[in-house]
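Have a look at the model first, then read on.

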Amino acid sequence: MRRNICILFLIVSISATTAQESISGFASESSKKQEALEKAFEAKLSPDNLDQWMQKMAAEPHWVGTEYGRKNAEWIQKKFRSWGYDTRIDTYDVLFPYPKVRLLELTAPTTYRAKLTAVAVEGDEYTAQGAALLPSYNAFSTDGDVEAELVFVNYGVPKDYEELDKLGIDVKGKIVIAKYYGSWRGIKPKLAAEKGAIGCIIYSDPKDDGYVAGDVYPKGAFKNKTGVQRGSVMDMPTYPGDVLTPGYGATKDAKRLDRKDAPTITKIPVLPISYEDAQPLLEALEGVVAPDSWKGGLPITYHIGPGPARVHLKLQFDWKLTPAHNVIATMRGTQFPDQWIMRGNHHDAWVHGANDPISGMVALMEEARAVGELAKKGQKPKRTLVYCAWDAEEPGLIGSTEWVEDHKLELQQKVVAYINTDGNGRGFLGAGGSHSLQKMVGEVAEAVTDPQKGVSIKERRAAVNLVNGGKEEFGLYALGSGSDYTPFIQHAGIASLNLGFGGENSGGEYHTIYDTYPHYKRFKDPGFAYGVALANVAGRITLRLANADVLPFEFRQWHHTVSGYLEEIIQSCSSMREAVAKHNDMVDKNIFELASDPRKPFVKPGKKDIVPYLDFTPLQNEMAALKLSIEAFADADIHKLPASRQLQLNQKLLLAEQSLTAADGLPRRPWYKHQIYAPGFYTGYGVKTLPGVREAIEQRDWKEAQEQIGVLTATLKRFHALLLEMNELL
């Protein structure tokens, strides 16, 4: 028995030694140098810097266009210069609406005027800054003055309207009230308008992030009764960025759309409110009692309506061009200056933004400071590093989008990868992005120790995955939208990552006046240990990409993941076909009425159209051919290539992600070019993989689905052709 244990220990030790000797992208000797560099980098990281910088940057509200936002950008610029970076500020003039009139009142059967004001709390001086605080509103709501009956629509997502259809409830000509969560906020007014509603109210229910979830601020981290989540409702699934300059930079002299022609401004007025202001409106509703899954945490019976509650909503905005200041800091590479590794985090906030985005911004700055110190001692990166502090992210990813659109051709020629961070807190590593980077990110996660548990962050991630019923294997989630990686990967076709820690930092402060330094220090990451962990992870990834002999893109895991997406789609068609057959059989047997709830109105359904058999064979054949070429690439010893061949190979690897884009983009939203990942048209931030095919099937547009199978097949063929060129170099 002891002999078997010794043999097992020897095998594990040999495996560990082998893993340490082989970092993806590095030959054996350069791998040792890289490990030493990363240890020196990690030793320089200090939580005190993150703490001090957060106090500085989150001291005052700093949404886009504010004086304090400009001062923060200039302060960041000064810091980067002191660390040895060539630094500039690139400014764009973007449309930003500021609220002038916000009125919401219940006019029948009783009256109530919404307060629309969050209260300051004891022990947090930042919440008492009065007029300096940005009023609660939804940016890129249209102006409007409407009055109508009210209808409760749960979270206001497609399945909720399907439930309303079953109940025979129509929102046409009505004002809807929806809960936050369930989807990105911008989907709620978008869907409501499509269904004929004339106004939309979004409220925070205490079941989701208020007293049902935990103690409210200041006693606990969750939203008190007056807290309101601000946020953009721009139609970002159509295109993000400045609404007046779609597809090109919002420079001073740029040609701009007339505001009335901007497609991403909402069609109906929309306003966010607190659960204190929502309760009188919901109490006044009658009609059908809401399904159990719709009921929230307020001490009322949730009715759907419509009416007799009637509300008046009036909104007016000051629409003006506002300067957005992007800080761009560059450290030129010693060997490959025209290959860039980019890092980014935004610096603007809805109010103080301690968690969102400053917790990520200070981690990026500490990473850059440590890299700068190493460079001053002669350890400069081989490739050029570009650190970015974006402005105007909150209203719609505007600062980063305008910059990418303005520099798109150069970026596509030079950028190896973009690594994004945003809010950060205690807990587990969350990592999403291009699956060709999955192996490399997993290796970094294995090398970084969790500050609470003393195991690798990869092990801790695996443990929570298993507890939640997932897989132990490390994986990247697919990127939808919601932060500044979107223009890089989905418009320019640049391999991207999004990194952050969380899971033990829950609260209700998101986009409220309560996202302050005191709140963050008490509930999010008190000692900034996970801020340091984020700097460590992102910094190691940045340095590996910057110094690799051969860029660490790996396609076996990419192929496995994309094959899984294709199988999901094929299976979904089969499931839809079976469900339609079952439905039509029930209609034929006239048994729907027998199964209906006698307390609710019954609307007899009709038959559904059959689901045809789509021809997936072109995609399946291309994926099979790709697998053979990927295996050949993976089996080659790329580190034995002469330097000139490695340089050629790296240039082709840099283009791999771009080959997964299509020039015409996705149907009805050509800004989104990537054919593997995109935010869903009706999910907003939520990703749709193989989006052209998947969304056509979900919308039951079979002709378009077959066309998109062809588009995706052509995309994979372009990717395959590039892979064959790389194999020829080997």
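Which residue lies over the face of Tyr-672? Arg-669 does, at 5.4 Å from the ring centre; a charge counts as over a ring if NZ of Lys or CZ of Arg is within 6 Å of the ring centre and within 35 degrees of the ring normal. This is a predicted model, where local features need pLDDT of at least 70, side-chain atom pairs count only at pLDDT 80 or more, and totals for chains, interfaces and linings use all residues. Residues are numbered from 1 along each chain as its sequence is written, and side-chain values use heavy atoms, leaving out hydrogens and water.

**Aromatic pairs**
- Rings of Phe, Tyr and Trp (its six-membered ring) pair if their centres lie within 6.5 Å, with planes under 30 degrees apart counted as stacked, over 60 as edge-to-face and the rest as tilted.
- The count by this rule is 26 aromatic pairs.
- Trp-390 and Phe-488 make a tilted pair, 6.0 Å centre to centre with 50° between the planes.
- Both Trp-390 and Phe-488 are buried (under 20% relative accessible area; exposed is over 50%, partly exposed in between, with a 1.4 Å probe and protein chains only).
- Trp-53, Phe-80, Trp-83, Tyr-85 and Tyr-387 are linked into a cluster by ring pairs.

**Around Phe-681**
- Lys-190 lies over the face of Phe-681, 3.4 Å from the ring centre.

**Helix α13**
- Helix α13 covers residues 457-467, and its buried residues are Ile-457, Arg-460, Ala-462, Val-464 and Asn-465; helices (H or I, at least four residues) and strands (E, at least two) are DSSP runs, numbered from the N terminus.
- Gly-469 follows α13 and has a positive phi, near 85°.
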